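Q: Could you go through this structure with me? I would like to start with the overall picture and then turn to charged pairs.
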Amino acid sequence: MLKPNFWKDVVPQDFVNDVKRYIDSEVELVKAHAGYSKSGEKRFRDCSNTGKIKIWNFHEESNEIERTISNIMYKLAVKANNHFRFDLDHNFMILQLANFEEAKGGHFGWHADDHINFEQKHRKLSFSVFIQPAEKGGELLIQNGWEILPNNKEIYLPYLPSQKIEEDVGGVIAFPSYYNHCITPVEKGDRYSLVAWIFGPEWR
Amino acid sequence: MPLKPTVWEDEVSQNFVNEAIKYIEEEADLKDIDYAPYDYSTIAVGKFQRDVESGKRDVECGMKCKKIGWNFHEESNDTEIMISNTMYKLAIKANNHFRFILNHNRMTMQLARWDEGESYFHWHADGHVNFEGENRKLAFSLFLKPAEKGGHLLINTINQFIENTEDVKSPSVFVETIEEAPGKVIAFPAYCNHCVTPVEKGNRYSLVVWIFGPEWK
């Protein structure tokens with residue numbers, strides 16, 4: 001049996017409400033600049049991020065709600081890794097709140113979180129928590145693997161479909177950080193999400 | 001600390017190249033592989049190229065070539081044994097760079113002829129399949145004879161340096177075209193997406209090899 005490459009869970013509605021309130025009223029989101037140079041020039045053809053974000057490191061939270069978020073994600077990461085069994089440094093975790101706005105057609109082009117590293121530590125496990133799905137557009141697509149062609153005994157053809165992830169409020173998905181994924185442009189209603197990355201030594 | 005390059009490079013002797021080409025041309029019983037969801041006559045100038053150029057990835061993965069494959073330790077003749085032994089040594093050498101947990105005895109070889117006007121392989125990742133709990137972890141491409149036109153290997157590489165800027169926090173998908181020269185070998189992690197663009201002129205000959213191992217840690 002193949003191991004599913006996604007792991008799913010849910011967080012309580014109270015948590016979702018707290019995070020949503022924090023994004024709406026308190027936190028100051030800044031423009032994400034992935035895929036752009038400092039001068040704002042678009043650097044890569046197929047990767048740009050027009051979302052607004054707030055980022056912090058685990059153990060460096062600025063308030064109670066950020067601590068709550070970090071602690072929840074820490075526990076989820078430990079739980080998810082019972083499935084994945086990666087070598088992770090659970091104390092090296094980065095959290096990010098994002099708003100992909102309808103007004104800006106918020107989107108994030110194809111990318112993989114593992115495509116950068118920090119002082120030889122790699123993003124290895126990626127989380128998305130759906131706080132508020134967009135009403136239209138703003139879909140998370142992931143290129144997952146391990147699809148096998150039926151009726152073919154000679155070769156297992158590697159396929160590269162991009163799977164649309166159903167966004168239910170409070171839904172959590174974890175996947176290996178080397179998978180390419182993207183957020184399609186938001187067409188209606190702002191899309192709120194919480195993402196987290198757990199770091200670790202190089203893939204072995 | 002510098003980032004580790006995603007693609008490792010080496011080369012094999014001209015003799016190796018000649019023997020492998022001779023085997024493909026004169027002896028090997030190549031099988032037609034055709035999982036084409038596309039009509040080739042339209043993809044060389046049409047859908048495939050547009051998908052590659054636009055970075056579009058929600059596509060079915062079609063491929064077409066002629067190939068022969070075997071597992072390490074299950075070779076049918078001296079040429080296959082020679083190829084396996086060379087690749088075994090290269091895999092150990094490459095893994096001094098990658099340091100993956102590999103089972104070097106679990107290796108699969110494939111010789112392929114990519115004919116002009118019909119062959120291609122859409123975006124895919126070799127690591128997307130596994131075999132009885134073992135995973136393809138390290139992928140090799142050895143260029144025996146490049147096509148005269150088209151037939152380019154493109155790879156989504158990672159860990160690229162972003163020069164002259166502190167802005168390293170930009171995850172992206174880099175599409176790198178690999179320069180093909182006879183005898184050149186490259187190795188890369190099997191989770192990297194890659195494709196071979198349609199061969200437009202001159203048959204392309206290649207050897208690909210996968211080294212298996214336990215699940216990624």
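This is a predicted model: local features need pLDDT of at least 70, side-chain atom pairs count only at pLDDT 80 or more; totals for chains, interfaces and linings use all residues.

Q: What does the secondary structure of chain B come to?
A: Chain B has four helices and 14 strands.

Q: And how much of chain B is buried?
A: Of the 217 residues in chain B, 60% are buried. The chain exposes about 9100 Å², and carbon and sulfur atoms supply 46% of that area.

Q: Now the salt bridges: how many are there over all chains?
A: The structure holds 23 of them over all chains. One of these joins A:K54 and A:E66, whose closest N and O atoms are 2.7 Å apart.

Q: Which parts of chain A does that pair tie together?
A: A:K54 belongs to strand β3 and A:E66 to helix α2, so the bridge ties together parts that are twelve residues apart in sequence.

Q: Are those two buried or exposed?
A: Both A:K54 and A:E66 are buried.

Q: What about A:E135 and A:K188?
A: Their side chains also form a salt bridge, at 3.5 Å from N to O. A:E135 lies in the loop between β7 and β8 and A:K188 in strand β13, so this pair connects parts 53 residues apart in sequence. A:E135 is exposed, at 60% relative accessibility, while A:K188 is partly exposed, at 44%.

Q: Back to chain B: which residues are linked in a network of salt bridges?
A: The network links B:D32, B:K66, B:R113, B:D115 and B:E118. Within it, B:R113 and B:D115 meet at 2.7 Å, N to O.

Q: How accessible are B:R113 and B:D115?
A: B:R113 is partly exposed, at 22% relative accessibility, whereas B:D115 is buried, at 9%.

Notes: Residues are numbered from 1 along each chain as its sequence is written. Chains are lettered from A and ligands numbered from 1 in the order in which they are written. Side-chain values use heavy atoms; hydrogens and water are left out. Helices (H or I, at least four residues) and strands (E, at least two) are DSSP runs, numbered from the N terminus. Buried means under 20% relative accessible area, exposed over 50%, partly exposed in between (1.4 Å probe, protein chains only). Accessible areas come from the Shrake-Rupley method with a 1.4 Å probe; for residues, only the protein chains shown count as cover. A salt bridge is a side-chain nitrogen of Lys or Arg within 4 Å of a carboxyl oxygen of Asp or Glu.
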